[in-house]
Amino acid sequence: MSRATTPSPGGGATRVAFLSDVHANFTALAAALASAGRHGCGRAVVAGDVVGGGPHPVEVIRLLSRRRVPAITGNLDRKVLAVGDDAVRLGELAARGRKRAVHAWTALQLGRSERAWLAALPAELELELAGHRVLVVHGSPLGDEDYIFPSITRPALEAKLAGRRPEVLVCGHSHVPFTRMVGGVRVVNCGSVGRPIDGDPRGSFAIVDCRPGEAPRARIVRFAFAAEQVERDLASRGVPPAGASGRPA
Amino acid sequence: MSELLLGRGFGEAQLLAALGVAGYEVQPETRAEDAWTYLDTQDGALLGAGLRLRSAGAGGAWQLVAADAGAVVGEFGGDGLPLDGGLAERLQEIAGGRLLVPVVHARRLAQTWTAVGHGATVRLALEEWAFHPPGPGRRQARVRVLTVSGDEGAAREAGILATTLRDLHGLRVAPGDHFSAGLARVGLASPGAPTPDALKVAAGDSLGTAAGKIFARQAFKMAANAAGTRADLDPEYLHDLRVATRRTRAALRLYRGLIPVRRAAALQRELSWLGRLLGEVRDLDVFLARLAAHLPRVQGVATAADRLFARLLERRAAARHNLVTALDDPRFPALVGALGAVPLKRLRVLREPAGVIGGQWIAAAAKRIRRVGERPAAELRPEELHRLRIRFKRLRYACEFFAEAFGDEVEETIRTLVEFQDTLGRHQDAVVARVALERLVAEVGVGSGDPAWLLTLGALLQVEREEASRERAAFVEAWARLPKRLRRLRRSVAATAPAGDPDASG
């Protein structure tokens with residue numbers, strides 16, 4: 001991680017950057033990790049949708065793998081793996097330009113090692129940070145296609161947790177970043193690193209500070225990245241357009 | 001193939017370290033150094049033809065390289081080698097006998113490596129350019145360009161590596177023309193100082209946006225021609241610098257009422273200061289060129305011509321000294337900087353389309369000429385002709401400011417206006433030269449009692465009288481065509497101005 005301008009919390013405290021929905025946008029991921037470093041984050045965790053839709057799936061996987069960044073799988077990662085690895089079939093799918101074309105294109109880019117890394121990702125992570133239990137999921141504890149929006153109520157959250165009691169619940173998928181205390185659980189949606197859709201063109205991630213004996217704190221950080229460059233890469237690499245529904249992936 | 005610009009703090013050592021971290025094993029391949037002086041004509045004739053000429057220095061090779069890709073298209077000279085016939089002719093054809101002046105000195109260190117990793121072999125080429133402008137001074141700019149490429153099978157891997165280096169280390173995609181980037185970094189414009197597209201008035205621009213572009217364009221031209229003027233590489237640098245100050249004054253005049261009075265007055269004062277100093281040298285340049293051109297007509301009579309030239313060159317040296325002192329004064333960069341941010345008022349008017357108000361201004365400038373044009377040209381006195389020349393110049397500048405917004409027809413009209421202005425200009429030059437010669441007669445001719453002086457000056461005076469008379473006749477002939485030309489201008493401006501503008505035709 002690059003140089004820290006904000007000191008890391010001491011005394012057994014942990015400051016972690018939670019990133020989600022990178023969507024194969026290496027330009028944004030590099031900017032997010034640099035920003036996290038400047039904020040004094042000693043670690044980073046990715047809450048799914050590492051690839052899918054963006055022009056840089058290989059670059060993203062190699063960086064996360066090289067830096068040993070813990071990550072979980074997202075619904076798009078799953079779909080990319082699901083289209084298989086038969087190059088001829090993937091080429092046909094990508095050229096057809098339909099719904100799965102972008103997944104096929106992404107799968108075509110992956111080498112054996114990148115595919116293996118992606119396939120080995122767990123569906124969720126349970127972490128202990130300075131004595132606090134943190135649950136990391138992509139959509140919600142119910143699944144990677146479920147959503148947690150800022151309007152979530154206590155009963156709804158309890159239903160999604162189905163009896164589990166983390167102190168911090170980290171998720172992504174909706175691309176709408178927020179942090180809220182809901183029924184005694186610090187809920188953190190990281191938003192999206194690579195494909196922000198909430199009206200702010202900057203990417204977002206979350207910083208969670210955990211100190212022993214204190215309630216975990218969280219905040220959303222925004223960072224800028226060269227979106228025009230990503231647009232150019234999308235065009236130059238011939239990435240098929242993602243689904244036209246406009247819904248977050 | 002990807003080209004990336006390496007910024008400060010990221011050099012060869014950082015590159016090799018980054019490649020190691022990214023999982024590549026790197027092998028050095030080649031390393032070469034060379035140094036060149038690039039040359040072109042003052043107006044960038046070679047660049048206009050898509051070429052750059054470079055010399056390796058005394059006794060070294062000369063090369064013509066393609067301006068876009070940098071590939072060598074021809075090499076000649078060096079160590080007594082004869083010029084290649086075809087290339088020499090091509091060069092002569094493009095440069096048209098004009099002076100070739102140094103544009104910039106450039107030193108290059110080129111290194112290549114192969115990087116093996118992730119099942120592919122990628123080639124890396126790092127070119128480190130150091131540019132410094134001709135003339136004294138230690139100003140230097142570096143441009144470092146990394147090219148990442150791979151054979152067919154490795155092209156994808158090369159792209160992945162380039163993206164990784166770009167985004168993790170803050171490298172920028174190279175603009176493609178490292179040479180122009182180097183010139184810009186060292187504060188020089190490309191040969192001929194072509195106007196950047198961003199400074200051209202576009203059809204949809206508001207009057208306020210157009211103002212910013214017009215003033216910034218003149219500031220760009222002034223800055224671009226300052227180094228060549230300082231170094232006295234070609235008189236045309238000074239001329240273009242002077243034209244830019246004149247155009248700026250014309251623009252201030254056009255925009256009067258939309259610029260705060262005090263600021264406009266301050267700018268006019270500074271432009272007048274610079275214009276006077278430029279004018280003193282330029283007038284002597286024109287005078288010297290005229291005399292040189294006229295000498296064959298007075299051969300055998302003008303026996304003191306050498307002394308006359310020596311005296312005028314002495315004056316020019318003194319005038320140039322004053323000018324160079326002014327260009328080195330903080331007032332000059334302050335003026336150029338101020339033109340990049342001319343404040344404007346009356347926002348409502350400034351939001352109007354430039355085509356509408358610009359069209360009205362052009363129509364008004366044309367009307368001022370038309371009023372004079374109703375009189376027979378033969379009746380116009382010399383001072384009236386001079387005033388008319390200034391009016392033509394204002395009309396021409398007004399057209400030029402908005403030409404790109406109006407399109408080809410107005411640009412065609414500008415060319416015809418230039419004919420009138422040039423005829424009047426040549427007449428004015430003859431009148432000014434005559435007056436200058438009469439002054440010289442008063443200063444040195446009569447007092448010295450030297451018949452050679454008197455004969456020389458008298459003969460040249462006679463030539464200038466003949467020239468003034470000839471140019472006046474040419475103008476009288478052209479004058480008859482004026483009403484038609486002005487009508488055509490009015491039509492083309494009215495046709496291009498946005499609909500619903502009753503005043504655009506003036």
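# Close-up views of a two-chain predicted model

Among the contacts in chain B that link residues at least 6 apart in sequence, 71% join residues at least 24 apart, where contact means heavy atoms within 4.5 Å. This is a predicted model, so local features need pLDDT of at least 70 and side-chain atom pairs count only at pLDDT 80 or more, while totals for chains, interfaces and linings use all residues. Side-chain values use heavy atoms, with hydrogens and water left out; residues are numbered from 1 along each chain as its sequence is written, and chains are lettered from A and ligands numbered from 1 in the order in which they are written.

**View 1. Chain B as a whole.** Chain B has 16 helices and nine strands; helices (H or I, at least four residues) and strands (E, at least two) are DSSP runs, numbered from the N terminus. Taken along the principal axes, the C-alpha atoms of chain B fill a box of roughly 85 × 65 × 45 Å. Of the 506 residues in chain B, 49% are buried. For this and the later views, buried means under 20% relative accessible area, exposed means over 50%, and partly exposed is in between (1.4 Å probe, protein chains only).

**View 2. Helix α8 against helix α9 in chain B.** Two packed helices are described by the angle between their axes and the distance between the axes. Here α8(B) (residues 261-294) and α9(B) (residues 305-328) pack at about 155°, with axes 9 Å apart. That angle makes α8(B) roughly antiparallel to α9(B). The axes are lines fitted to C-alpha atoms, for helices over the stretch in contact, and the angles run from 0 to 180 degrees between N-to-C directions. Angles under 35 degrees count as roughly parallel, over 145 as roughly antiparallel, 65 to 115 as roughly perpendicular and the rest as oblique. The crossing of α8(B) and α9(B) is left-handed, meaning that the near helix is turned anticlockwise from the far one by less than a right angle (clockwise would be right-handed). On the α8(B) side, the residues that meet α9(B) include W273(B), L277(B), F287(B) and L291(B); on the α9(B) side, L308(B), F309(B), R316(B) and L323(B) are among them. Sorted by class, the contact of α8(B) with α9(B) has 18 nonpolar, one polar and five charged residues. Ala, Val, Leu, Ile, Met, Phe, Trp, Tyr, Cys and Pro count as nonpolar, Asp, Glu, Lys and Arg as charged, and the others, Gly among them, as polar.

**View 3. Helix α8 again, now with helix α15.** The axes of α8(B) and α15(B) (residues 451-479) come within 11 Å and cross at roughly 100°. The two helices, α8(B) and α15(B), are therefore roughly perpendicular to each other. From α8(B), R290(B), L291(B) and H294(B) make the contact, and from α15(B) come L460(B), V463(B), E464(B) and E467(B).

**View 4. Stacked rings in both chains.** Rings of Phe, Tyr and Trp (its six-membered ring) pair if their centres lie within 6.5 Å; planes under 30 degrees apart count as stacked, over 60 as edge-to-face and the rest as tilted. By this rule there are nine aromatic pairs over all chains. One of them is Y147(A) with F149(A), stacked at 5.3 Å centre to centre and 15° between the planes. Y147(A) is buried at a relative accessible area of 17%, whereas F149(A) is partly exposed at 36%. W129(B) and F131(B) form a stacked pair too, with 5.7 Å centre to centre and 10° between the planes.

View 5. A24(A) has a positive phi of about 55° although it is not a glycine. A24(A) lies in the chain A loop between β1 (14-19) and α1 (26-38), and is buried at 0% relative accessibility. R68(A) also has a positive phi of about 55° without being a glycine. R68(A) is in the chain A loop between α2 (57-66) and α3 (75-82), and counts as exposed at 73% relative accessibility.

**View 6. Q421(B) in helix α14.** Q421(B) lies in α14(B) (residues 408-448) and is buried, with a relative accessible area of 9%. Leaving aside neighbours within four places in sequence, Q421(B) is in contact with R389(B), F392(B), K393(B) and R396(B).
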